[in-house]
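Some notes on the strand pairing and helix packing follow. Please read them with the model open.

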Amino acid sequence: MASPAPPLKDAVGGLDRDPFVALLAKLIGETQRLQNDPPELVPQEDLVAQHVLDVLRPLSTDTGGGPLLVRKVSYTEGRSNVIVEYPGTVPGRVVSFVGMHMDVVPANPNEWDFDPFSLTFDSDDKEKLRGRGTTDCLGHVALVTQLMRRLGEAKPALKHSVIAVFIANEENSSVTGIGVDGLVKDGLLDKLKTGPLFWIDTADKQPCIGTGGMIPWHLKATGKLFHSGLAHKAINSMELNMDALKEIQTRFYNDFPAHEKEKLYKFATPSTIKPTKWSYPGGGLNQIPGECTISGDIRLTPFYSTSFVVKKLQEYVDDINANLETKLPTRGPVSKYVLPDENLRGRLEIAFDGDIMNGVACNLESRGFKALCKATEEIVGHVEPYSITGSLPLIRELQDEGFDVQTAGYGLLKTYHAKNEYCLFPDMAQGFQVFVSIISQLEADA
């Protein structure tokens, strides 16, 4: 009689530091060419994809060296996605790890304490792995690659297929159709809908159960440029814009207050609208500016509609324009936004960038969420799901397409997109164990 198969955690073991660090060093070594800020910086994700393939293809059906099914998918030259499957025995049983992206945000070496484009170690803490992408998201690329490598080597008998999807173009939304959005459009991820999908691109080892939508906006005020010594003959566009923005913010917070579900999802903040940039054509200190623009963003909890918010903001602006005399206070005895004798009125215009993102609220009743929580408590020692109004592109679209999306990550939120980015090897090792626990739980249910 054959002996029973060992538990999955015994079969695959833990995260082996040496191959993980060796792969991560190769990935971080490519980061100068992975920065995503077009048109100046266009990443070449093929560089990362090749390193992933170098690890996994020897264990694939392509080479006859193992069971892994490996597919590279490109929609534009030099920018690939990689889909890796460890086949299970039961059709329709799937667990997937998605979202490990192969591009990074830009880094200025002059602002860092160490080289962002190579993997280095802290002299006082060897567990600290430093470099652009260690937390977001090349550390996760290396981590999930090692998970698939160990499955390919150990060949455990699983009912579930385990699928990893490494993606291009997560850090910029001005170019579309070449990352996970292209894969979804072509139906290449359809089989993932029958099981939980874990988006591995957050931080701090806890389930991230909610993210915010993001609406970039630009509020332009047009007044009348004039000499600052003759303020009664000017319409000060800066004052107009500041007063208008205050009115818009007041209306926004009245119409979109803290939502009752934000407490359940543990959002750190409610929806917010705030300015982040000023711009104007220039001029002397003795000139009252005739036009200026305030830009900013709205971070919206997922319980409100971004399209409805855009509609409301346009209504606010239209109403203020029509009622400048009564809707806005002025500043001082000669400040005014209407010059009746000249038949001039100040004017506001609001515009929105095309890269509006919707937030997501994960399904807290799904098997995937429960498995993630149990695994986190087992491995990390406690489970504290959280939500933030930071935005993750693409995952709401996946949810709307019918995927059970859960999110997690094992870098550090405090170094996310930051100078001197790093991750901790023990955190990544716990992430590996969480993944194994999730698979084991789903196997026990099958």
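1. Two strands count as paired if DSSP finds at least two bridges between them. Helices (H or I, at least four residues) and strands (E, at least two) are DSSP runs, numbered from the N terminus. By these criteria strand 11 and strand 13 (residues 291-300) pair in the antiparallel sense, over 7 bridges. Within this pairing, Pro 275 has Gly 296 of strand 13 as its bridge partner.

2. The model is predicted: local features need pLDDT of at least 70, side-chain atom pairs count only at pLDDT 80 or more, and totals for chains, interfaces and linings use all residues. Residues are numbered from 1 along each chain as its sequence is written, and side-chain values use heavy atoms, with hydrogens and water left out.

3. An open sheet of 4 strands runs in the order 11-13-9-16, with antiparallel pairing. Its edges are strand 11 (272-279) and strand 16 (347-352), each of which pairs on one side only. From one strand to the next the twist averages 25 degrees. Axes are lines fitted to C-alpha atoms, for helices over the stretch in contact, and angles run from 0 to 180 degrees between N-to-C directions.

4. Helix 6 (residues 237-255) packs on this sheet and touches strand 9 (213-222), strand 11, strand 13 and strand 16; contact means heavy atoms within 4.5 Å. The direction of helix 6 makes about 165 degrees with that of strand 11. Helix 8 (residues 306-322) also packs on the sheet, touching strands 9, 11, 13 and 16. Its direction makes about 170 degrees with that of strand 16.

5. Strand 8 (residues 208-211) runs parallel to strand 18 (residues 386-387), joined by 2 bridges, and Gly 210 stands opposite Ser 387.
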